[in-house]
Amino acid sequence: MAGTGRRRSSGVQVKGWPRQASRSQSFRRYLCRSHTHTDKQENMKMSAGKEAIGFIGVGLMGQGMAANLVAKGFPLTVMGHRNRKPVEDLVAAGAVEAKTPAELAARSDIIFLCVTGSAQVEEVLKGENGIIAGAKPGTIVVDCSTSDPTVTVRLAAELEAKGLHLADAPLGGTPAQAAQGQLSAMIGAAPEVFARIRPACEAWAQKIVHLGPVGDGHKMKLINNFLSMGYAAIYAEALTLSQKIGITPQTFDSVIRGSRMDCGFYQTFMQYVLERDRDAHKFTLVNALKDVRYLEGVANAAGVANPIGNAVKNSYATAVASGRGGDYVPMISDWIAELNGVSLAAKG
């Protein structure tokens, strides 16, 4: 892979994927640590010499990431969220709430964004009372979203012209791994920017890879998501065909699990198929479709034919068009099964 000479890792790839229960237990544990007088004193000591962090987007992934930053002594400012509970929990643990991106930027040296995609990143940067309006020179914005790399590179140039810096650090993992500080991060940044953001990234990431300049993180993330969303589309069709010809999902799993075809993504996917656990992998079909559409744009710009990518995109497009966009990725198996007149749910 290009840029391997610059690859740096702070850990090893996690094998297996924790259940959602682990996420909530870990998050509560972090919050409880901050509620004692002794722990608050310890957090103040840990904060000495650490850069002030801003965090926008404390949703499924961001909540656990932000909780780790607080627990590991980083001064943290978060912005209000339509779901108030994560914000209130983080404030109770020691974070400060800002009302606007500009207010948050004025309090921060490094700002993490964990939002939907490029449109939302651009709005929070450049909108009324946006980050640019409040940031001081030298502030670093770290986009942890899955964004369009061409937009990322353009925004980076615009920020540099204003004395600010942009890094892209899209994520690998689940909300459970976010709460446990076990995510992976694919980072595109100038070397000096990477050196500054790495300590904060290590608060929530177990594996960090510096791929190269700004934009490389989002390029790699789209390729990564092409693989994972492609797996899901293939699993769904394979399970549907199996059920149609008399091989149940349970029998299918007994062959695949533990074989060379097994992996962490397969396990969370099948956790939904076999156990009907809706929280096994909380990533929506509409976001999956966004990512494979971004990938299509990158392939088109590079002049690369991607017939498999288009087939994967169409699987998600039909599911979203049917009104299932809010479902999670493993639930695409139900949509493909339904199209073929079968059900993968075990008969009770």
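Which residues do ring pairs link into a cluster?

Guide: Ring pairs join Y231, Y235, F265, Y266 and F269 into a cluster. Before we dig in, a word on the model: it is predicted, so local features need pLDDT of at least 70 and side-chain atom pairs count only at pLDDT 80 or more, while totals for chains, interfaces and linings use all residues. Residues are numbered from 1 along each chain as its sequence is written, and side-chain values use heavy atoms, with hydrogens and water left out.

Back to the rings. Phe, Tyr and Trp rings (for Trp, the six-membered one) pair if their centres lie within 6.5 Å; planes under 30 degrees apart are stacked, over 60 edge-to-face, and the rest tilted. By this rule there are 7 aromatic pairs. One of them is Y235 with F269, an edge-to-face pair at 5.3 Å centre to centre with 65° between the planes. Y235 sits in helix α11 and F269 in helix α13 (residues 264-275), so this pair ties together parts that are 34 residues apart in sequence. Helices here are DSSP runs of H or I, at least four residues, and strands are runs of E, at least two, numbered from the N terminus. Both Y235 and F269 are buried, where buried means under 20% relative accessible area, exposed over 50%, and partly exposed in between (1.4 Å probe, protein chains only).

Now follow α11 to its end. The loop between α11 (216-244) and α12 (249-256) holds I245, which is exposed at a relative accessible area of 58%. Together, L241, I245 and I247 make a nonpolar surface patch of about 290 Å². Patches take residues with over 30% relative accessible area and no salt bridge, joining like charges within 9 Å and nonpolar side chains (Val, Leu, Ile, Met, Phe, Trp, Tyr) within 5 Å. The areas come from the Shrake-Rupley method with a 1.4 Å probe, and for residues only the protein chains shown count as cover.

D253 is buried at 9% relative accessibility, whereas R257 is partly exposed at 37%.

R276 isn't a glycine, yet its phi is positive, about 55°. Most residues other than glycine have a negative phi. R276 is partly exposed, with 30% relative accessibility.

Keep going and you reach K313 in helix α15 (residues 307-324). K313 is buried, with a relative accessible area of 16%. Leaving out neighbours within four places in sequence, K313 is in contact (heavy atoms within 4.5 Å) with L289, V292, R293 and E296.

How far to trust it? The chain's mean pLDDT, the predictor's confidence in each residue from 0 to 100, is 89, and 86% of residues reach 70 or more. Residues 1-40 fall below 50, though this stretch has 86 contacts in the model beyond near neighbours in sequence. Where pLDDT is low, the predicted coordinates should not be read in detail.

How values were computed
Salt bridge = Lys/Arg side-chain N within 4 Å of Asp/Glu carboxyl O.
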